[in-house]
Amino acid sequence: MHYICVMIKPPFLIFGVWIWVFAGILNLPAQSPKGQSQRFELLRKNPDSLRLFFQAMPKGGELHHHYSGAIPANLYFSFARKAGMGLDTMSWKWYPADSLKSHKLTPVRSWKSSLQTEIQEKLNTRWTVKGYAASGLSSEDFFFHVFTEFDPLTGPEFWPMGFRYLLNEARDQKINYRETILIEPTHSVSAPSEWNSEIRNLILKKDTNALNKKLRQVILSGMLNKAQIPGLDLIDTLMPNLENEFPDQTLRLQFYVVRVREPFDFFIRLAKSFEIAKQNKYFVNVNLVAPEDNPIALKDYGLHLWMYHFCQVYYSGLSASVHAGEITQNEVDPSQLGWHISSLVERVHPQRIGHGVDVTLGEKGDSLLLALSNLRTAVEINLSSNKFILGVSGNNHPFMRYIKARVPLVISTDDPAILETNLMGYFWGSQAAASILQPGSSLINISSLAARRGTPNNSAYVASKFGVAGLTQSLAKELGPKGIRVNAVCPVLVRTEGLVEALKDKTSPAGGKPDEFLGNFATSQTALGALPTASQVADMCFFLSSSQASAITGQSINVDCGVLPN
Ligand SMILES: [Zn+2]
């Protein structure tokens, strides 16, 4: 994923930066001659220097991140294989090992390897935005439908593998702190008769004393004892182990409650989340999720906030980050816009707000921005998912309005695996770069030999890199008339720390023996008997960015020591 999430805690701004190599800036002086302000000015004008600056800077963390949407399809598939699960390829439903006989299924790990590869490729499409066009669904429906398909693979039995993936990935991306939205409590309590209609009446009448009394009664009645957090015991043993394994990374967890539940069901899960978060140091927040345009979510929004505030007071001490304002005029009529964020701020006083897209669409607009700035409430911005789910990007996104109003911002990845940021990062990065590049500039996508040929067990990566090749060709045609050249560089295996680490994995093509694998590959696959170095790849970037390459555009050029002559 070519996306660096960099953040500093408020009141500073928080940035995300794509990795790009631009022409004419490779020979910038490493130091500004006249002090820090000039150095920052230089950095600001030069995206590549800016990238290097952010790379070297100690990071804060990633604060808006959904566990289930962060696990790549390939990894989910390996979870299912290891657990001996079966897949019904008609309904795409997963079944646990002990139920396979009754469903006349066989474990996926016993399938022929060609069938496993085929299904894995299909999952890579179904479970990422790549499957959207073929789904026939709206982007919002597609997005939320995907979660239902891999839901059986998100449970506690898979957390040891999933959490290690999150921490490894955080280490690779130099993210020191990650909060992931993990789990919703379950329960076996039925709503007392008339409870739901009564509480909805009370919020309509704004009878706050009666509302609080009713909520307190639920807690004092002991009903929360019938609610559980699946896997809570595991958290208490797993997390200390992970802290030892990843001393430089901190993982913290959030509960969530789905906004589409009836009031009693919602409250039991919410109160249980707060009760446990108060006792358990690994859970640091209770979030509210689900599409805000759902009829129950819309109707009960005020009631949900009242319940949330009640729990904040009852179980004091927890800071709040809540999704709000992930909504536009495409989903709801204008009267429903703009007030979700202001109500949240008024009722809950959150430290952070997730998304905040409709901030300027309601009546309060500017005064709301001012309030967020004064309160130092950070807004977690999710550019890729806002573009995909809501169709909001570029100048339509309130990003710049937040910046002008000096509202603290956090740029987050949201659901990185579903959103396929490996390719999407290039896409949005190219779009952003196209608006600022001057005639004579050159844009270079760092691609891979995987953009030139398919290889086994590599379908998702290959597909993304083929996408980069297509993007490179199209952008070359689009930007050529402006005097901007666009090329891609396709290195084969380059011996970097990240690659060696990945090849140490027993399930990697190297089977856990990186030296042997890389040595054999160099001897048997290349013409020159060696693998390219990072500096040789940089040499090609330098050439493409120089005036000596002024006639070259739209090309994907191999730097592969002759693995794939063409
Ligand atoms: Zn989210």
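I take two strands as paired if DSSP finds at least two bridges between them. The model I am reading is predicted.

**Entry: overview**

I began with the protein chain as a whole. I found 24 helices and 18 strands in its secondary structure. Of its 566 residues, 39% count as buried. I then looked at contacts between residues at least 6 apart in sequence. Of these, 76% join residues at least 24 apart.

I checked confidence before going further. The mean pLDDT of the protein chain is 85, and 87% of the residues reach 70 or more. Residues 1–33 have a pLDDT below 50. Beyond near neighbours in sequence, that stretch still has 90 contacts in the model.

**Entry: the sheet with β10 and β11**

Next I traced an open sheet of four strands. I read its order as β4-β7-β10-β11, with parallel pairing. Which strands stand at the edges? I found β4 (61–62) and β11 (283–289) there. Each has a single partner strand, so one side of each is left without a neighbour in the sheet.

I followed strand β10, residues 250–258, across to β11. The two run parallel and are joined by six bridges. I looked up the bridge partner of V258 and found V289 in β11.

Then I looked for a helix on this sheet. Helix α12, residues 263–279, packs on it and touches both β10 and β11. I noted an angle of about 165° between the direction of α12 and that of β11.

**Entry: the sheet with β14 and β15**

I turned to another open sheet of four strands. Its order is β12-β13-β14-β15, and the pairing is parallel. At the edges I found β12 (321–324) and β15 (409–411). Each pairs with a single strand, so one side of each lacks a neighbour in the sheet.

Strand β14 covers residues 378–381, and three bridges join β14 to β15 in parallel. I looked up E380 and found V410 of β15 as its bridge partner.

**Entry: strand β17**

I wanted to know how enclosed β17 is. How many of the seven residues of β17 (residues 485–491) are buried? I counted seven of the seven, so the strand is largely enclosed by the rest of the structure.

I sorted the residues of β17 by direction. R485, N487, V489 and P491 point one way. V486, A488 and C490 point the other way. Every one of them is buried. I recalled that in a regular strand the side chains alternate between the two faces of the sheet.

I then listed partners of β17. Strand β16, residues 442–446, pairs with β17 in the parallel sense over five bridges. Four bridges join β17 to strand β18, residues 556–559, and these two also run parallel. A488 is the bridge partner of N445. A488 also stands opposite S556 in β18.

**Entry: helix α24**

Last, I looked at helix α24, residues 534–545. The helix has 12 residues and reaches 17 Å from its first C-alpha to its last. That is close to the 16 Å expected at 1.5 Å a residue.

Which residues of α24 are buried? I found C541, L544 and S545. Seen down the axis of α24, these buried residues fall within an arc of 95°, so they line one face of the helix. An α-helix has 3.6 residues a turn, so residues three or four places apart point the same way.

Terms used:
Residues are numbered from 1 along each chain as its sequence is written. This is a predicted model: local features need pLDDT of at least 70, side-chain atom pairs count only at pLDDT 80 or more; totals for chains, interfaces and linings use all residues. The expected span of a helix is 1.5 Å times one less than its number of residues. A residue is buried if 20 or more other C-beta atoms lie within 10 Å of its own, exposed if 12 or fewer, and partly exposed in between; C-beta atoms are placed from the backbone. The arc is that of the directions from the helix axis to the C-beta atoms. Two residues are in contact if their C-beta atoms, placed from the backbone, lie within 7 Å. Axes are lines fitted to C-alpha atoms, for helices over the stretch in contact, and angles run from 0 to 180 degrees between N-to-C directions. pLDDT is the predictor's confidence in each residue, from 0 to 100.
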